[in-house]
Amino acid sequence: MGGTNFQLKPHSKIPKPQKPLLVVVLDGWGQAADDEYNAISRAETPCMDSLRESRPEKWMLLKAHGTAVGLPSDDDMGNSEVGHNALGAGQVVSQGASLVDKSLETGQLFNLDGWKYLEPAAKEHTLHLIGLLSDGGVHSRYDQLWLLIQGAAERGVKRIRVHTLTDGRDTEDGTSVKFMEQLQKDLKSLEGKGCDARIASGGGRMITTMDRYESDWNVVKRGWEAHVLGEAPNKFKDPVDAIKTLKKPKEAGGKPVSDQWIPPFVIVDDDGQAVGTIQDGDAVAIFNFRADRVVELSKAFEYKDFKQFDRKRYPDVRFAGMMQYDGELKLPKHFLVPPPAISRTTGEFLARSGVSTFACSESQKIGHVTFFWNGNRAAPFDSKLETFHEVPSDQNIPFNEKPAMQSAKITALGIEALKSGKYDQVRLNFPNPDMVGHTGDLEATISACSTVDKCVKELLEAVEEVGGSWLVTADHGNAEDMVQRDKKTGKPLMADGQPRILTSHTLNPVPVAIGGPGLAKGVKFRTDLKEPGLANVGPTIINLLGFEAPDNMVPTLLSA
Ligand SMILES: O=C(O)[C@@H](CO)OP(=O)(O)O
Ligand SMILES: [Mn+2]
Ligand SMILES: [Mn+2]
């Protein structure tokens, strides 16, 4: 371990390839038995099927959830952040969810600088907490929010306002009502302790506040207006009533709105005044631990000079994140729990060893193959060697309406990069199985999976043509299971004669496959690893590029 020498040593058996290595991440493509709710087995996937069926030494399954990716327990489903962190780091690091758990359990959080910074403003004025109301454990967890609120109240905070983004993406659609009821009840219990705590505003996460990678700043603008200014087209006295009503809009002809897409709302008092606008002197904290979907809101709070939308009013507040969401930008400056320190990643070693990389996806996932891949670092290690290419995502449409998304463009750019002779490594992410899987639309997800299978086929043909090699994998499961199941029997759960749709990720393993004419002779997967996981892909990629993996990484998947 240790040392700051990033120069990789040549591999003892695998020569440095003369032609590019293609790395493809199929976002949300897990492995599960054939089933009517398995969108992958129901899709036309001749390419991925042939990788599995005809090459037993070059295809295997990887653990992509729980402790294998640094999450608190094996009950935690995988997600893109921890998945891409593990793939790119070649290491398993304790992730935000685990770190926040620990800090709250021990009470350490309240002794750290972040809380100390917020505390005076929170006590003198109001403490605002903004984040995802969920127990999904991907961006946030309810138990952590409640511990934070209780801890603040115990320390003398007298006025708390919670700004809630509804989930239905990491949780079953419809459960936001239950979470809102729970939060309302819990907040009420603080009344007797002299703390006035209320829900102040909210909205569905996909259209309020939680945009990512600057796909659509209007999402953040809506959130700012609701949380800070107390402005939204929908005003309610009661938050549970707000959600119930907004989920059943008359205009939609009775078609319920998903929790993810509930329009923004503001809670008002009897006089119609918003109960929790954010004012000068207040303390504001974001309680999500995951970065990608709160970086933009953090910028809106932290940057005096800000042009992405007109904030109308910019309150002078003390602002902190649950974590520091971007270590390079030092954003935000103040944070409650220090984030996972991910260093000595494959990206850094390869760049310092002269390997050139083209990384590409569409807006929704571009940061996955750049920022998350490189240990939560947005900028290239060496901009001469690394090219990051973002294809703009569609804005403001549920992805089931266009399940192909930008896959054709990503494929074309990948092929162009492979043929250009400019890159040693071409790294792509196809968001479709994940993004369409999250909509809960089974037919659209089947179509998404058929589409990306064709994309992979075209890409592998291009690799064949140029004489390169490839590694295809995924970051966690999603599309392979679209129904809630009985935990013991595995049988689909029904409600009113209808299957209860699963919109979230899963606990399933993901495939990894290697091949291509450029693959060195004799290279295949080893079979002696006890529980191979996503992190083992990092050193594997380093090997495929002709280098020995550094010793801070977990073992390679290859036997060569
Ligand atoms: O959309 C997201 O933010 C998460 C689910 O909450 O999905 P992924 O981890 O695949 O990005
Ligand atoms: Mn993902
Ligand atoms: Mn996802």
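## Manganese site and salt bridges

The manganese ion (ligand 3) lies 4.3 Å from the manganese ion (ligand 2). This is a predicted model, in which local features need pLDDT of at least 70 and side-chain atom pairs count only at pLDDT 80 or more, while totals for chains, interfaces and linings use all residues. Residues are numbered from 1 along each chain as its sequence is written, and side-chain values use heavy atoms, without hydrogens and water.

The protein donors of ligand 3 are Asp434 (OD), Asp434 (OD), His438 (NE2) and His505 (NE2), at 2.1 to 2.3 Å; donors are N, O and S atoms within 2.8 Å of the metal (3.2 Å for Na, K and Ca). Along the chain the donors of this ion have the spacing D-x3-H-x66-H. Asp434 and His438 are both buried (under 20% relative accessible area; exposed is over 50%, partly exposed in between, with a 1.4 Å probe and protein chains only).

The whole structure holds 35 salt bridges, each a side-chain nitrogen of Lys or Arg within 4 Å of a carboxyl oxygen of Asp or Glu. Among them are these:

| Pair | N to O distance |
|---|---|
| Asp35 and Arg485 | 3.1 Å |
| Asp49 and Arg52 | 3.9 Å |
| Lys307 and Asp305 | 3.1 Å |

Asp35 is partly exposed at 27% relative accessibility, and Arg485 is partly exposed at 23%. Lys307, at 66% relative accessible area, is exposed, as is Asp305 at 60%. Salt bridges also link Lys221, Glu225, Glu231 and Lys312 in a network.

Technical notes
Chains lettered and ligands numbered in written order.
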